[in-house]
Number of protein chains: 2
Amino acid sequence: MRWWGWGEEGHEASLPGTALELLRNQLGVDPSLELSPVALEAVRLPEPRLPASARERLAGAVGADHVRDDRQARVEHAAGKGYADLVRLRSGDASSAPDLVVQPASDGEIEAVLAACADARIAVVPFGGGTSVVGGVEPVSEGFAGVIALDLRRLTGVTVDRLSQTATLAAGLLGPEAERRLGAEGVTLGHAPQSFEYSTVGGWVATRSAGQASTGYGRIDELVEGVRLIAPAGELAGRAVPASAAGPDLRELIVGSEGILGVISEATLRVRPVPPRRRYEGWSFRSFEDGCEAFRVMEQAGASPDVARLSDAQETSLSMATGSTGSAANRLGQAYLRMRGHEGGCVAIVGFEGEEDDLERRRLRCAALLRAGGGVGLGRGPGEAWLRGRYAGPYLRDTLLDHGVMVETLETATTWSNLGPLYAAVSGALRDTLAQRGTPPLVMCHVSHLYRSGASLYFSFLARQEQETPLEQWRAAKTAASDAIVAGGGTITHHHAVGRDHAPWMRAEVGALGLEVIRAAKERLDPAGIMNPGKLLPA
Amino acid sequence: MRWWGWGEEGHEASLPGTALELLRNQLGVDPSLELSPVALEAVRLPEPRLPASARERLAGAVGADHVRDDRQARVEHAAGKGYADLVRLRSGDASSAPDLVVQPASDGEIEAVLAACADARIAVVPFGGGTSVVGGVEPVSEGFAGVIALDLRRLTGVTVDRLSQTATLAAGLLGPEAERRLGAEGVTLGHAPQSFEYSTVGGWVATRSAGQASTGYGRIDELVEGVRLIAPAGELAGRAVPASAAGPDLRELIVGSEGILGVISEATLRVRPVPPRRRYEGWSFRSFEDGCEAFRVMEQAGASPDVARLSDAQETSLSMATGSTGSAANRLGQAYLRMRGHEGGCVAIVGFEGEEDDLERRRLRCAALLRAGGGVGLGRGPGEAWLRGRYAGPYLRDTLLDHGVMVETLETATTWSNLGPLYAAVSGALRDTLAQRGTPPLVMCHVSHLYRSGASLYFSFLARQEQETPLEQWRAAKTAASDAIVAGGGTITHHHAVGRDHAPWMRAEVGALGLEVIRAAKERLDPAGIMNPGKLLPA
């Protein structure tokens, strides 16, 4: 993966000229801007600070070939893939780079590494795919003798219990490899976050990830049957059972712990047979409000598809312009929708996966409810276009950055009765804050995860990047949106996790005493306080 | 509720003479035995030990009318409703009675009570319906200046968010009252543990309860959107949101905490519209193994009913003898089943609740899968008989105790691939242990909660009660079964919770470090260690 952006070299995404034109017109971006990241050789890196004795002990723990402090390795582990990370990296700032990248291949090696780091007061950042967009893998070394990135990619075991539809997957498996190995046994996890190509099983569990199909397959926390945490104080691994009444559920303490309690080395996850058939289609609603109401009725009737997404008018219009919902289908569709009074409306994608008969039964039931809610079917075109482009978002970000466009996403969840007010509050906060800075944004939103009691809201916003002060601009927008989320009764994050960026809002999220409880668990599991400092808990 | 048994006076259950005869023949019970509990006046109670100053402060906190230390109140709060509790209470032993019963009516009053108790080192036992069958509400006072039962029954608030299908219910609501209040708003929680008539919302949440319809409606832990804990150190209440990625899920630390961390004062729970229709029916399988396999296929196809129960051959035969699956239907059914080669087979109950059309669609799909799995439909008779008798089990226990029959239940859950071996191991342990004591038992089992990855196993056993040493006999059986569960990879409890009885197996369940983490949370929330001592954590 590119150290300064998303994807591998040669997989650049390009925006249609018309889309770029539209963005420039709407955002006031200078069309002559052509920015590019500095060369790897020009990146500024601090000198590695690890004491020689510690480096030696770590090399002894995992083998000399599996400790790296070359420029490439350090830069690749210097940050995640958030907007602020990319801005810094592209400008050549890798001041947060770890002193060493350590690659263990077993639980025993992880234990040995943690023991060495606890003894030498070296901070440890568990690192899977490194795709965090909230600063979750950024090394923090203040107060430590150094910091290592504990790269888990060598942990790749898979065992499947087909009868029980569970699979034990090692933390370091990337999405495609995990699904390939499961597929060979006829099963799937069905977990498809937008980062799927570059994120790992361990990362999903550590960040309480939700995939694009989590409405059907369940969030990762719903898929965890068992999980193993290697903490500096020892191993924590509850029984992998379907359900239990044996006290507090410690699995739920490990899931979402973001490396601050220890290293998730493997998880036993609930899987399903590979669906023989998929069908994705588009729908249109007159308004976001109408679409949300139709989705609520559908979800509460138990009639939801596996993927259910509804874009607001702004996101719909921009995705039509960029062709990401299928441009041929769009042209026809737009004419039809104009006729039905849906012009300027909102597109929804619903996707079904499963056995032929069952899928068709579910699809018809869902369609009846959507139609009753004012939806107009757009057929398979937009659905298939969405499927093709489902992992494309982050690639586009690099292109936008090349053209001086700020692009960021953030998300929350709330109850159905609070969905409309929260949508308005967060959109408004983003618009006001960026307009006040003289960079009025395009703010878009979609609903993408449905629950009986509510749904997620996922915001994307674009603005002209402040060339001198891009991080201040970003921080102002992020802060305004986070304050609005918390004040409006939403959760500070539905699936991006907390990391460094959301930590200041954790007191509002769980209360002062909640923070104390998490700290108490951390002190017991990580007495030296070396695990992923600066993340999840506010300073 | 009767202080020495189940239900209210005048609701005695009687066993058909033939059933009693059968039990006597099979278990060797002396037919002349006619035992009865001692009179309330004869119960042995310790002197209340609370310092006068503490009693005064508690009376000040909740009002003088709401602190009670009369005989009736103390005896009613001396124990739960487990077999060992009943044996002790019937014999007149209430040595565990609390010094005072305190009845707060608000969060503020709970806080004041906890502060008073922390200052005076008085242990606090949160008490809802008092139906624990694992010693969860038994006062423990060693090392304390006294112990109070904190009776939460005055907390009865209900607010409903119909759009979001959530309801905030106060901890002290009994099942019937909670459902009556929800029903007035057109919704239901659908949570129906066998203790439904006498257990409370707070108790369900504190014990991680599962109801008889949890296959459809979800376990209580799946229904918790938010929960408030009043701990000695303060209030812990996460946001009530459908889902979040904001770190470890602290709700899951409160759910199942059994009073050791603080007092659950209210929970926001996910509710549904009251189902307009119910349909319950019986099925028969040639063997328990066949039935389990059919249930697995059904569940993994997403075709499960709301209630799914499968009795093994022993439970089927005894429930036919006691008429609890509908005796007229039984006689016809038995003839039919003989014809189909199912004699001595296993009866299943499947129940559907919902809208007419949807219910019928689900029922037909389920029936097709059960039939393909070797099931033979028995029609509605057995289903409706089961519904009528769904809360009857605990009443029967009193009658059996009157006749010198030991009766106990215990439960676990495991994966589908481990279900058969665990069933054999636990049944065998109970049979061997009790046979060795000269009291060979009848051991019965049912599967009653289905998950994609596995199911629960619920064992009941009956044996001739050792009249001199009933508690030693019980402890031997309970220990053997618990050891077998843990050795066989099951959870020590699927829905009865831990209490005092399962605490010795918690080390096996969550590991030494898991216990340490729970203790760390407890120390932070309950620094004086006054909350429900002796429960959940092993000594």
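The model is a predicted one. Over all chains, the count of salt bridges comes to 74.

**A salt bridge between strands of chain A**

- A:E225 and A:R270 are joined through their side chains in a salt bridge, with an N to O distance of 2.7 Å.
- This pair links distant parts of the chain, 45 residues apart: A:E225 belongs to strand 8 (residues 224-231) of chain A and A:R270 to strand 10 (residues 263-270) of chain A.
- A:E225 has a relative accessibility of 1% and therefore counts as buried, the limit being under 20%.
- A:R270 is also buried, at a relative accessible area of 18%.

**Salt bridges in chain B**

- B:R55 and B:D69 form a salt bridge in which the closest N and O atoms are 3.2 Å apart.
- Here too the pair links distant parts of the chain: B:R55 is in helix 2 (residues 52-62) of chain B, while B:D69, 14 residues apart from it, is in the loop between strand 1 (67-68) and helix 3 (71-76).
- B:R55 is partly exposed, with a relative accessible area of 29%, and B:D69 is partly exposed with a value of 29%.
- A further salt bridge pairs B:E360 with B:R363, the closest N and O atoms being 2.8 Å apart.
- Both B:E360 and B:R363 are located in helix 14 (residues 356-372) of chain B, at a separation of three residues, about one turn of the helix.
- B:E360 is partly exposed, its relative accessible area being 25%, whereas B:R363 counts as buried at 13% relative accessibility.

**A network in chain A**

- A network of salt bridges links A:R277, A:R279, A:E281, A:E356, A:E360 and A:R363.

**Contact between helix 14 of chain A and helix 14 of chain B**

- The axes of helix 14 (residues 356-372) of chain A and helix 14 of chain B come within 14 Å and cross at roughly 175 degrees.
- Because angles over 145 degrees count as roughly antiparallel, helix 14 of chain A is roughly antiparallel to helix 14 of chain B.
- From helix 14 of chain A, the contact is made by A:D358, A:R361 and A:R365; from helix 14 of chain B, it is made by B:D358, B:R361 and B:R365.
- The residues of this contact comprise six charged, no polar and no nonpolar.
- In general, side chains of opposite charge can pair when their charged atoms come close.

Notes. Residues numbered from 1 in each chain as written. Chains lettered and ligands numbered in written order. Predicted model: local features only at pLDDT ≥ 70, side-chain atom pairs only at ≥ 80, totals over all residues. Heavy atoms only, no water. Salt bridge = Lys/Arg side-chain N within 4 Å of Asp/Glu carboxyl O. Helix = DSSP H or I, 4+ residues; strand = E, 2+ residues; numbered from the N terminus. Buried < 20%, exposed > 50% of the residue type's maximum accessible area, 1.4 Å probe, protein only. Axes fitted to C-alpha atoms, helices over the stretch in contact; angles between N-to-C directions. Parallel < 35°, antiparallel > 145°, perpendicular 65-115°, else oblique. Contact = heavy atoms within 4.5 Å. Nonpolar A, V, L, I, M, F, W, Y, C, P; charged D, E, K, R; others polar.
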